[in-house]
Amino acid sequence: MLSSTRPTRRAAARTLQATAGAAVVALALTACGGSNEGSDGENTADDGPITLKVATFNNFGYTDEVLAEYQEEHPNVTVEHVTAATSDDARTNLTTKLAAGGEGLADIEAIEVDWLPELTQYPDLFTDLADPELEGRWVDWKVQQATTPDGKVIGYGTDIGPEAICYRSDLFEEAGLPTDREEVAELLGGEDATWEDYFAVGRDFVKESDAAWYDSVGGTFQGMVNQLPEAFEDAETGEPKPLADNTEVKDIYDEIAASVEDGLSAGLVQWEGDWDAGFQNDAFATMICPAWMTGPVEERAGGVEGWDVANVFPGGGGNWGGSFLTVPASGENAEAAKELAAWLTAPEQQTRFFESAGTFPSQVEAQESEAVQSFTNPFFNDAPVGEIFAARAQSIDSAPFKGANYFAIRDEVTNALNRVDVTKSQSADEAWDEAVEKASALG
C-alpha cells in the first residue's frame, strides 16, 4: 500500500533506484544516474508548435493515417510514434528512465496491466489523468486497475482481454462431441460453467482422441487464478499470504495437477517453439482465449481448419491482459500529452483499433457499437467475436488485487506446475513444497 504522504518526484526516483538495487520490486529497474525534475508540463495542444512522442509495443493500431487525423485537428502538434520490438524492451526502457527521474521518456508511454502493481507505488512519476468529463467512459474495473489507493489515475485504458474458450471443432467431431459453438458453450456448462465441468469434458475427450484437451498448465492456471479477488496478497495490507496456508490457490493447483495426471494437458509452455508447433500438430483441442489471443492463434495455426470460439468461460468472467497509456510527469508537454492520450482511447478510436488490430475495447460505448457487435473472424469459422467478447466482458465484475509480490509468487506456482507437467521432474507434492519454500523466501 502507498503511504498517505506521497514522495516528491525526485524522492520517488531515488526510491525506485534503491528498490531496484535491492531487487525487492519484481520489475527490474535499472538505476542510471540522477533525477530530472522536468518542467511544469502545462503546455496544451493549443500552445504549440510542439512534438508529442508516443511509445508503444506490439500493435496498438496507431497508424500514420490515424495520427495524421489528430494532427489535422491540432495544427500545432506533431505526433511521433515509436514502437518497441517487444513489451519487455518497452518495460526495460520505461523503468530504466523512471529510475533516472524520467529523462528521455516519451510524452506518452504505453504499459501493460502486469506492470501496474509496481508502477502505482510511485504515482508522482506520472501525471494524474483523472478527468470528470471522462467518467463512465471505461468499464469500472479497468479504471480501478490504474487507480492508486489515494485516487490518482496513472493510465487511460486501451484494450482488455475478456476470456472465452477457443476450440478445434474438427477434433471435437472426431471425438464424438458437439461442434456448433452454442452447443459447445452448453457442453462446458453455459452460463453456469465451472472448471470442474471443463475438466470433466476434457476427460471424456481424451478417451476418444490422440490430442490433449488443453495446451498449457501455465495458461490454464493464469485463467483460474485471475478469478480470485486476492490470490496471493491481502488487499488491505498488501502483504503476501503464506503460500503454505493459501487453500484457494492450492485447490486450483491440485485441480490442474489432477488433470495432468489424467492426460488432459499437452505439456507445452506458451510462447515457446513446441507450443507454436502444437498448433500445426493437432496437439490440443481447447485453450483459454482472451480476445487478443485470436491473433496469435491464427498466426500459428495458419492453414489449419476447424478453429472456433465458444461464448463460455469456466467460473464466470475472466480478464487476461490489457494495456494503458500513461503520461510521465517529467514531460515538458504533459497537458497536451494528456489530451492526445484521451483522444487515442476515445470510443471512436478504440472501435477502429479493434477492427484494424484486434485490440478489444475497454470503452463501454465502443463495446456496444455496431462495428464491434457485428465483427466476425473468418479464421474462426466466421465466429461473431465482437459479440462474443463483448458478452464475456460484461461478465467481469472487478479486477483482482495484484500487489508488488503478485507476479513473483504466481511464477513460482506456475514453475511448479511446469515441473509436474512439462519436465516431469517432480511429483505434484514435491513441486508444491518447493514453490512454498521459494515463495516464503521472497519476503
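The model is predicted, so local features need pLDDT of at least 70 and side-chain atom pairs count only at pLDDT 80 or more, while totals for chains, interfaces and linings use all residues. Residues are numbered from 1 along each chain as its sequence is written, and side-chain values use heavy atoms, leaving out hydrogens and water.

Let's begin with the helices (DSSP runs of H or I, at least four residues, numbered from the N terminus; strands are runs of E, at least two). Two packed helices are described by the angle between their axes and the distance between the axes. Axes here are lines fitted to C-alpha atoms, for helices over the stretch in contact, with angles from 0 to 180 degrees between N-to-C directions.

H18 (residues 406–421) and H19 have axes that come within 9 Å and cross at roughly 160°. H18 and H19 are therefore roughly antiparallel, a term for angles over 145 degrees, whereas those under 35 count as roughly parallel. On the H18 side, the contact (heavy atoms within 4.5 Å) includes Ile409, Glu412 and Arg419, and on the H19 side it includes Trp432, Glu434 and Lys438. Its residues divide into nine nonpolar, no polar and four charged. Here Ala, Val, Leu, Ile, Met, Phe, Trp, Tyr, Cys and Pro count as nonpolar, Asp, Glu, Lys and Arg as charged, and the others, Gly among them, as polar.

Now bring in H10 (residues 247–261), whose axis comes within 11 Å of that of H19 (residues 428–440), crossing at roughly 145°. Val249, Lys250, Tyr253 and Ala257 of H10 meet Ala428, Ala431 and Trp432 of H19. That contact has six nonpolar residues, no polar and one charged.

H10 also packs with H18, at an angle of about 20° and with the axes 10 Å apart. That makes H10 roughly parallel to H18. Val249, Tyr253, Ile256, Ala257 and Val260 in H10 meet Val413, Ala416, Leu417, Val420 and Asp421 in H18. By class, nine of these residues are nonpolar, none polar and one charged.

The largest cavity holds about 70 Å³ of space, a volume being the space filled by probe spheres set on the points, which are joined across faces, edges and corners. Among its lining residues are Phe60, Tyr62, Asp159, Gln350 and Phe353. Strand S4 (156–168) and helix H14 (347–357) are the elements giving two or more residues to this lining, which divides into six nonpolar, four polar and one charged.

Key: Parallel < 35°, antiparallel > 145°, perpendicular 65-115°, else oblique. 1 Å grid on protein atoms, 1.4 Å probe; cavity = no way out; pocket = protein on both sides within 12 Å on 5 of 7 lines; lining within 4 Å.
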